[in-house]
Amino acid sequence: MSETMSMNWPAVRAIYRFEMGRFWRTAGQSILAPVISTTLYFVVFGAAIGSRVSAVDDVPYGLFIVPGLIMLSLLTQSISNASFGIYFPRFAGTIYEILSAPISPLEVVLGFVGAAASKSILIGLIILATSALFVPLRIDHPVWMIGFLLLTAVTFSLFGFVIGLWADGFEKLQLVPLLVVTPLTFLGGSFYAISMLPPFWHAVSLINPVVYLISAFRWAFFGKADVSIAISLGMTALFLVICLGLVTYIFRTGYRLKS
Amino acid sequence: MPIISISKLSKTYTSGFTALSGIDLAIERGEIFALLGPNGAGKSTLINIVCGIVTPSSGTVTVDGHDIAADYRAARRAIGLVPQELTTDAFETVLNTVSFSRGLFGLRPDPAHIERILRALSLWDKRDSRLMTLSGGMKRRVLIAKALSHEPRVLFLDEPTAGVDVELRQDMWRLVRDLRQQGVTVILTTHYIEEAEEMADRIGVIRRGQIILVEEKAALMRKLGRKQLTLQLQAPIPAVPPELSDYELALAGDGRELIYTYDTRAERTGITGLLTGLAAAGIQFSDLHTEQSSLEDIFVGLVREGETRA
Ligand SMILES: Nc1ncnc2c1ncn2[C@@H]1O[C@H](COP(=O)(O)OP(=O)(O)OP(=O)(O)O)[C@@H](O)[C@H]1O
Ligand SMILES: [Mg+2]
């Protein structure tokens, strides 16, 4: 049976390259935007606030916000790239070609999610490089740092993919990132350690999944975390599994893909 | 073995609308099959099920012996689809989008093959143009190029000539014939009867989700062909004489023409009787000619007939 036939790698590559094509076509914009926004964050947060908050856990404030800044972009970029990537062909009708090609759902996901994750990782690295212009970087656990970068990008690209399949209009496409993800990220300790919060808000923060991501990522940089790394990893893995389950369900049933 | 076998295929959309009910159809290897039917008959639904875009409610389809669900990779690999809607990636170039299609079907890049296709479709000069800068007819050609990029054994053309000018239509027909020469099976849907008449080996008529007829084109023309006998009268007459009312004659050309429609299938055409009757009524004619009715008339007749019965 062809279900067990070897993977259709040329198709994965075709989708991946097609999706990356959009990124490179607008390379100027794709690269300039994160550079500018990072610079702005450094000007506003680093200079304005950093001059009052000198250090968090012995880490200078300007340096302290670097992991949070990267996470902020990683989450929003992963979700918006992946959701737009699959929503657009559905909207334009070009999805017919994907549906009628000899491709398994796994290959479709690899192509789209792989490209979305690649783009957001690239942007994350651009932000890291831009930060180096403002503060002397320090990364205690570089391998873990890359590991978290990958895991987060893949997980949230998968989440974006689910949103792109579920959305039946451009408003819905933007709804989840705008109403859920951005607030959670801002409240997730991008610009402060949650230990700085009063006890009540500290407790509330712990139900915010983004807290675990940022905490773990910050640990990879400075060796200090708000919550344990094991819990962070577990939470991220759990979310990854949930997204995988949703994608599998969608392809099994053809929900929002086939009539 | 037919290249496509469709058995007891039905489709009810989630809206509750039944677009196909109990379709049985076999497409022979290497033939050109035209699927004719009025708007909403279910032509696109049928094609989209075979291609994997729409899920059937029940029934089975095999393509070259491969079940479209259980063995979808092998089944789809054999198929090229040119959809009814002109959907293209606006920002892509012609060459990229066609190469992309080939990749999707799991084939290694083959620039020579792509170049051949683009040249055959007069798209080579446009290979670096973005799709949004192309005209509708050129976009249609791009969709055909995409479908041919992976060297399919079966090509579906869902209304390939809708909104296409005469020249492109001729080009397309030539292309379809070339493909048949190479052994490709072509299934096309159309509203243009002359397309089916000119192109197809066999014709299927679908109406309200049911196949009401499948026939060799020639046999269909013979079997259902009606002929018209037109008589040019020497002098105009004000009305058809009552004694000739049985022939259901039509008066045309300001009373100078009598038109008699008869069925070539009938044992007696009634022509002899008519001529005798005319002589008896003192009507003289100066000339006469007969005309075979077109497939269009047959088709319209068939669909009407079905409707009055339904
Ligand atoms: N996604 C859908 N949901 C509900 N009904 C649908 C859907 N797609 C098609 N239909 C209905 O199914 C019927 C058959 O549609 P289909 O597109 O197969 O017709 P067609 O023969 O291709 O018509 P046309 O010649 O206009 O292209 C139509 O009545 C149509 O409204
Ligand atoms: Mg149609």
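Predicted model: local features only at pLDDT ≥ 70, side-chain atom pairs only at ≥ 80, totals over all residues.
Visitor: How many disulfides does the structure hold?
Guide: A disulfide requires a pair of cysteine sulfur atoms within 2.5 Å. Over all chains, the number of disulfides is zero.

Visitor: Which residues coordinate the magnesium ion (ligand 2), and how many residues apart in sequence are the parts that the pair ties together?
Guide: The ion is coordinated at 1.9 to 2.1 Å by OG of B:Ser44 and OE1 of B:Gln84. B:Ser44 belongs to helix 1 (residues 43–51) of chain B, whereas B:Gln84 sits in the loop between strand 6 (79–82) and helix 3 (94–104) of chain B, so the parts tied together are 40 residues apart in sequence.

Visitor: What is the order of the strands in the open sheet of chain B, and which are the edge strands?
Guide: The sheet has six strands with mixed pairing, in the order 6-7-8-3-9-10. An edge strand pairs on one side only, and in chain B these are strand 6 and strand 10 (210–216).

Visitor: At what angle does helix 5 of chain B run to strand 6 of chain B?
Guide: Helix 5 (residues 136–148) lies across strand 6 and strand 7 of chain B. Its angle to strand 6 of chain B is about 170 degrees.

How values were computed:
Residues numbered from 1 in each chain as written. Chains lettered and ligands numbered in written order. Heavy atoms only, no water. Donors = N, O, S within 2.8 Å, 3.2 Å for Na, K, Ca; no water. Helix = DSSP H or I, 4+ residues; strand = E, 2+ residues; numbered from the N terminus. Pairing = 2+ DSSP bridges. Contact = heavy atoms within 4.5 Å. Axes fitted to C-alpha atoms, helices over the stretch in contact; angles between N-to-C directions.
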